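Take each one slowly and look at the model as you go.

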Amino acid sequence: MSGPITVVGTGTGAPLPADVLDGARLVVGGRRHLEAAPVPHDAEQVVLGPLAPALDVIERHLEKEGHVVVLASGDPGFFGIVRVLAERFGADRLDVRPGVSSVAAAFARAGLPWDDAVVVSAHGRDLRTAVNACRAHPKVAVLTGPGSGPAELGAALRSDARVLVVASALGAAGERVERVTPAAAAGRDWGADVSVVLCLDEARVLGGVRTVAGADVGPARWALDEDEFAHRDSMITKFEVRALALARLGPRLGELVWDVGAGSGSVAVECARFGAAVTAIEKSPDGVGRIRANAAAHGVDVRVVHGSAPAALDGLDDPDAVFVGGGGRELPAIVTACARRARRTVVVAMAALDRVPAAREALTGAGFDCDGVLLQSSRLTPLPGDVTRLAATNPVFLLWGVRTPVCREGVAQ
């Protein structure tokens, strides 16, 4: 198989190079790209829809040593068609000529730097990943698609303190860039020309100077000391317990974590530092204040719900992972409610021995594979005379349940 594939990014203001279509035997692109380009009269045209048929046509032309040109939007190597073409035909066959990406153009229109932005594609993908990224980070660009546009994004973010910058038809004559609240975005019909939506926390949108682009991949430290959080009478998940809980929760960008019975919010804050969206549920008013103060002190966004579980869980979005750190006599009911809703895992911390069997039964009864450990640690503690002793911390039972993947037609779901 021989013959090159020239992939050209257009549509965000960059002019189409005059010679790019010379000798082309096949030109592939969106309808608007083909209509705007001087396609040779003897070249076959394929309007991009489903990719598989277009790729088959490209392969037939390459077998005849025909020159193929693919017209794409913006930078085709950024969430674009270059990946598919390289996988099918090989990267060495591609001559990629990128234009300005829609994300770069949208931030330029907004007058903002974007080296610290999170970029999420919702085109043909589950919108919840984009929603959770928007809740967790102050500067997110969402590439939109049918059913995952400004209206759907705005509806999911109604209760969040965010501003949406909706960039439509970037680079075209009908380009529009509008700043709206999530509620206003949810109430409009945006049509099919939206290119990208910027979701901004305007109080935190300008960060410091960076040397590495993109969102922070994770905190430099975790399982922070207790004295790095405001708490009441040592009522805080100890760092040894927090370390294992974080390992089992696996908080990450695009996911939602609940911290139920959050207390000081130490687990919630640590999960948010890993990039997850976090909702902390706490029944005491002073606890709610401490969680908010701790989140602010560590520069993360934690949504706080004041109420008692399990009733307070009603109406919340389903989480990927849940940490249960409180509950008292209601613990079995809380674990059961969380296990019914969690997509991936539930972690439960308990100091009382008699609550372990009920919590374990609640996890296994909800279809989780359950495991656990009793954590006992002793810390180095100085004594007078320049000597050191070991001071034991209270033992804690940590149980975790992992949802068994459902296999359909040989593929884990």
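Q: Which residue lies over the face of Trp190?
A: The model here is predicted. A charge counts as over a ring if CZ of Arg is within 6 Å of the ring centre and within 35 degrees of the ring normal. Here the distance from the ring centre of Trp190 is 3.9 Å. The residue is Arg188.

Q: At what distance from the ring centre of Trp400 does Arg248 lie?
A: Arg248 lies over the face of Trp400. Its distance from the ring centre is 4.5 Å.

Q: How many aromatic pairs does a search of the whole structure find?
A: The search covers the whole structure. The number of aromatic pairs is four.

Q: Phe78 and Trp114 form an aromatic pair; is it stacked or edge-to-face?
A: The centres are 6.4 Å apart, and the planes make an angle of 75°. Over 60 degrees counts as edge-to-face. Phe78 sits in the loop between β4 (67-73) and α3 (82-89), and Trp114 in the loop between α4 (102-110) and β6 (118-121), 36 residues apart. The pair is edge-to-face.

Q: Phe107 and Trp114 also pair; what is the angle between the planes?
A: The ring centres are 6.1 Å apart. The pair is stacked, and planes under 30 degrees apart count as such. The angle is 5°.

Q: Is Phe107 buried or exposed?
A: Under 20% relative accessible area counts as buried. Phe107 has 0% relative accessibility, so Phe107 is buried.

Q: Which residues do ring pairs link into a cluster?
A: Trp114 is one of them, and Trp114 is partly exposed at 33%. The cluster is Phe78, Phe79, Phe107 and Trp114.

How values were computed. Residues numbered from 1 in each chain as written. Predicted model: local features only at pLDDT ≥ 70, side-chain atom pairs only at ≥ 80, totals over all residues. Heavy atoms only, no water. Phe/Tyr/Trp six-rings, centres within 6.5 Å; stacked < 30°, edge-to-face > 60°. Helix = DSSP H or I, 4+ residues; strand = E, 2+ residues; numbered from the N terminus. Buried < 20%, exposed > 50% of the residue type's maximum accessible area, 1.4 Å probe, protein only.
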